[in-house]
Amino acid sequence: MATIISLLNHKGGVGKTTSSIGIGAGLVKLGKKVLLMDLDPQANLTLSLGVPRMKVTIYEALKGESELMPHTAKENLDVIPSTLDLSGAEMELINEAGREYILREVLEPLLEEYDYIIIDCPPSLGLLTLNSLTSSNYVIIPLQAQFLALQGLAKIQQVVRKVKVRLNKKLEIIGVVPTMYDGRKVLNREVVQTIKKYFGKKVFETKIRDNVALAEAPADRKDIFEYSPNSKGAQDYLALCKEIIERVENKK
Ligand SMILES: Nc1ncnc2c1ncn2[C@@H]1O[C@H](COP(=O)(O)OP(=O)(O)O)[C@@H](O)[C@H]1O
Ligand SMILES: [Mg+2]
């Protein structure tokens, strides 16, 4: 039975997509079978991994027009691509009965096939994100180790809490991960201290360092382990994945 994790932060540019790919590919390195789901209409994850244009994206599946059809990016790593059409889905699905549970329903037939399903959420807290949260066991919040990182966090926590109470009792924030971290910068260190004050043990030991290979890999349509296996980015996401597995196993 797959463990489903949403990468959540309604701010753009904080490292959700980079982390979804890094975590997905890292989990594969550690022997897991993984499905990456691109739930962002901007389709950055889809483009970053070079998924060819497909007839069935997450959009057709949510509309009830087709079953989900994962694309195999490499051994043990499948992807459900997104498309710009998905931006209309929120409006189109708003009057559906059980509209918060559509994703959960379409994922159901795939649950036995994977160890982990990682969902790259859009930078908003709308219906798509809500669907992601009702489908998930856990949330990981990537936070850019920079000024204003904490701004808006109360809102994220409030949404997770409401979903937990009303729609999905098992939902839990499993961890917060600082991204684009540069230990030479006082500001970065201070922000991580503040994040720790706020989230305590929820903050992962691993920080994802600022690493140009992580920014370059998408242009080559590769994950970080293929693009630059010895980079800091690869090291950090592998370390993060070990922590994730440990936390998930401890909850079972
Ligand atoms: N650790 C990192 N080091 C350097 N660049 C990064 C890192 N993480 C993300 N980036 C870059 O920052 C930008 C935003 O990251 P992205 O993952 O797309 O954020 P989001 O999905 O939250 O919008 C991208 O250009 C990405 O390549
Ligand atoms: Mg993104």
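This briefing covers the ligand shell and the sheet of the structure above. The model is predicted, with local features needing pLDDT of at least 70 and side-chain atom pairs counting only at pLDDT 80 or more, while totals for chains, interfaces and linings use all residues. Residues are numbered from 1 along each chain as its sequence is written, and chains are lettered from A and ligands numbered from 1 in the order in which they are written.

**Around ligand 1**

- Ligand 1 is surrounded by 16 residues (near means a C-beta atom, placed from the backbone, within 6 Å), and the closest are Gly15, Lys16, Thr17, Thr18 and Ala215.
- By class, the shell holds six nonpolar, eight polar and two charged residues, with Gly counted as polar.
- Helix H1 (16-29) and helix H9 (212-216) each supply at least two shell residues (helices are DSSP runs of H or I with at least four residues, strands runs of E with at least two).
- H1 gives the most, with three residues.

**The sheet**

- Seven strands form an open sheet with mixed pairing, in the order E3-E4-E2-E5-E1-E6-E7 (a pair needs at least two DSSP bridges).
- Strand E3 (71-74) and strand E7 (172-179) are the edges, each pairing on one side only.
- On average, neighbouring strands are turned by 25 degrees against each other, direction ignored (axes are lines fitted to C-alpha atoms, for helices over the stretch in contact, and angles run from 0 to 180 degrees between N-to-C directions).
- Strand E1 (residues 3-7) pairs with strand E6 (residues 138-144) in the parallel sense over three bridges, and Leu7 stands opposite Ile140 in E6.

**Helix on sheet**

- H1 also packs on the sheet, touching E1, E2, E4, E5, E6 and E7 (contact means C-beta atoms, placed from the backbone, within 7 Å).
- The direction of H1 makes about 170 degrees with that of E5 (116-120).

How values were computed: Two residues are in contact if their C-beta atoms, placed from the backbone, lie within 7 Å.
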